[in-house]
Amino acid sequence: MGSYEPVLLKNRGVEGSCTLKVHRAGGGYAGAEKALKLSSDEVIEEVKKANLRGRGGAGFPAGVKWSFLPKDREKTILCVNGDESEPPTFSNRVLMESDPHMLIEGIIIAAYATRSQVAYVYLRVEFHEQFHILQLAIDEAYAAGLLGKDVLGSGFDLDVYVHRGAGAYVCGEETGLIESLEGKRGWPRIKPPFPAVEGAFGLPTVVNNVETLANLPHIMTRGADWFQSIGAGSSTGPKLFCLSGPVNRPGCFEGAMDMTCEELIYGDDYGRGMVDDVGVKAVFPGGISMGVLTGDELGMKMDFDDPRNFGLLGLGTAAAVVVDVETDMRDVLLNVSRFYSHESCGQCTQCREGTSWMYRIASRIAMGAGRIEDLDLLEQVSGRMGMMPGYSICGLPDGAAFPIRGLVQKFRTEYEEHMGRQRDGRAEAVLRVLN
Ligand SMILES: Cc1cc2nc3c(=O)[nH]c(=O)nc-3n(C[C@H](O)[C@H](O)[C@H](O)COP(=O)(O)O)c2cc1C
Ligand code: SF4
């Protein structure tokens, strides 16, 4: 991968990469050993100095989040978010199946820093193979004294359990995850109280993403300055990027956050361009929830800050899906709106009704029966249902609003051109989906 030396994916493709033997041969668990010799506060300080920003979507600094835990707490719970339901995101999956011990080592470091003696890895139900890979690695770690009582002879105890979800996007939201973990319907909670104060089983809880935790062993062994030297500004450290759509080389890649979306699609180390050199019409660069870029906006940096300059919500999961010039944007609008309408948990009226009405309007447009005023209506509805206007419990409707508003605003001319034009066989197809 050019001058970039893979860190998180260094063992991908190596024979036996899931085993303790291979992980240890590459210096594995040295980060945990180092952390366990420090105090919890010293580990937190190093992670703060590195400015490790959460990789789960919001980019919140991990060390700062850990500092919100009450000082006088007796118990803490660590939840590892492996729900990974954001389309088209699969970097957590790649990490867990190529190097599960890297995640376990990260869990040990985070648990020690936050004084958690129990960690739950919440996995989306579709990760059958990854569940078995991870469980085998956990069993191996227990047998080697890396988990359980007296981890690595440090006096610190830690138990790790894998909990499998039942398949809902909203269970990736941290309080939906906690409810589901407690055996209830995965309905996000009203905050406050925030999980740091009252989370799983009523205890102070930290929720971190799989990739966030996988960075910890490297921060401990190589130091915060090394971490800061990769990337630029406040977007530093190794990062995984997913790429899908009609590109020559779809996949999960590791790099620094100073690359542009164009480099991700066309770079030799990444996507290697479009199939048959077809043009790019649109890209959803951060999972679909962050919003959409036009083919003329590929200069956007894949970092935590630049997406906002392009009307996006943020970097999100850094999973880009490319749409080519042949694609009818009515189908894109339909697919995106269907996802959120299906995944809204229904607790909040604005989210439940808003996502469902956006889907109906998008269906009408996709059938060729749309009206010009439908575009304004979509913009209005999308502006009135999220956390940002203060109408919802969780961020799902914000994640629905950004791509839909972005599609309408950035591709309005195309939608207008199609208005009133019936599509052959399309009405039946859309009606089948709706029914
Ligand atoms: C609807 C919704 C779905 C989410 N899904 C995920 C997910 O699958 N994985 C994830 O790590 N974070 C997800 N998040 C973000 C989490 O709430 C939380 O911010 C994250 O797990 C924190 O980890 P981090 O600080 O390490 O990034 C989701 C948020 C929302 C609103
Ligand atoms: S905003 Fe939507 S998904 Fe989130 S709790 Fe409310 S209804 Fe459920």
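**Local geometry and helix packing in a predicted model**

G153 is found in the loop between helix 7 (128-143) and strand 3 (159-164), where helices (H or I, at least four residues) and strands (E, at least two) are DSSP runs numbered from the N terminus. The structure is a predicted model, in which local features need pLDDT of at least 70, side-chain atom pairs count only at pLDDT 80 or more, and totals for chains, interfaces and linings use all residues. Residues are numbered from 1 along each chain as its sequence is written, while chains are lettered from A and ligands numbered from 1 in the order in which they are written.

G153 is exposed, because 9 other C-beta atoms lie within 10 Å; a residue is buried if 20 or more other C-beta atoms lie within 10 Å of its own, exposed if 12 or fewer, and partly exposed in between, with C-beta atoms placed from the backbone. Although G153 and E33 are 120 residues apart along the chain, their C-alpha atoms are separated by 9.6 Å.

The protein as a whole has 19 helices and eleven strands. Its radius of gyration is 22 Å, close to the 22 Å that the globule rule gives for 435 residues, so the protein is as compact as a globular protein of that length. The radius of gyration is taken over C-alpha atoms, and the globule rule is 2.2 Å times the number of residues to the power 0.38. Along the principal axes, the C-alpha atoms fill a box of roughly 70 × 45 × 35 Å. Of the 435 residues, 51% count as buried. Among contacts between residues at least 6 apart in sequence, 71% join residues at least 24 apart, two residues being in contact if their C-beta atoms, placed from the backbone, lie within 7 Å.

Two packed helices are described by the angle between their axes and the distance between the axes. Axes are lines fitted to C-alpha atoms, for helices over the stretch in contact, and angles run from 0 to 180 degrees between N-to-C directions. Angles under 35 degrees count as roughly parallel, over 145 as roughly antiparallel, 65 to 115 as roughly perpendicular and the rest as oblique.

Helix 2 (residues 30-37) packs against helix 6 (residues 100-114) at an angle of about 10 degrees, with the axes 9 Å apart. Helix 2 is therefore roughly parallel to helix 6. The contact is made by G31, A32, A35 and L36 of helix 2 and by E105, I108, I109 and Y112 of helix 6. These residues divide into six nonpolar, one polar and one charged; Ala, Val, Leu, Ile, Met, Phe, Trp, Tyr, Cys and Pro count as nonpolar, Asp, Glu, Lys and Arg as charged, and the others, Gly among them, as polar.

The axes of helix 5 and helix 7 come within 9 Å and cross at roughly 40 degrees, and the two helices are therefore oblique to each other. Their crossing is left-handed, a crossing being left-handed if the near helix is turned anticlockwise from the far one by less than a right angle, and right-handed if clockwise. In this contact, R93, M96 and E97 in helix 5 meet E129, Q130, I133 and L134 in helix 7. By class, the contact has three nonpolar, one polar and three charged residues.

Helix 14 (residues 329-343) and helix 15 (residues 349-367) pack at about 155 degrees, with their axes 8 Å apart. Helix 14 is thus roughly antiparallel to helix 15, and the crossing of the pair is left-handed. Helix 14 contributes R330, D331, L333, L334, S337, R338, Y340 and S341 to the contact, and helix 15 contributes T355, S356, M358, Y359, A362, S363, I365 and A366. The residues of this contact comprise eight nonpolar, five polar and three charged. R352 is also placed in helix 15 and counts as partly exposed, because 17 C-beta neighbours lie inside 10 Å. Not counting residues up to four places away in sequence, R352 touches S344 and G346.

A cis peptide bond with omega of about -5 degrees joins P87 and P88, and P88 is in the loop between strand 1 (77-82) and helix 5 (91-98). A cis peptide bond also joins K191 and P192, with omega about -5 degrees; P192 is found in the loop between helix 8 (174-181) and strand 4 (205-209). R272 lies in the loop between helix 12 (261-266) and strand 9 (280-284) and has a positive phi of about 55 degrees although it is not a glycine. D276, found in the loop between helix 12 and strand 9, has a positive phi near 55 degrees. R272 is partly exposed, with 15 other C-beta atoms within 10 Å, whereas D276 counts as exposed, with 8 C-beta neighbours inside 10 Å.
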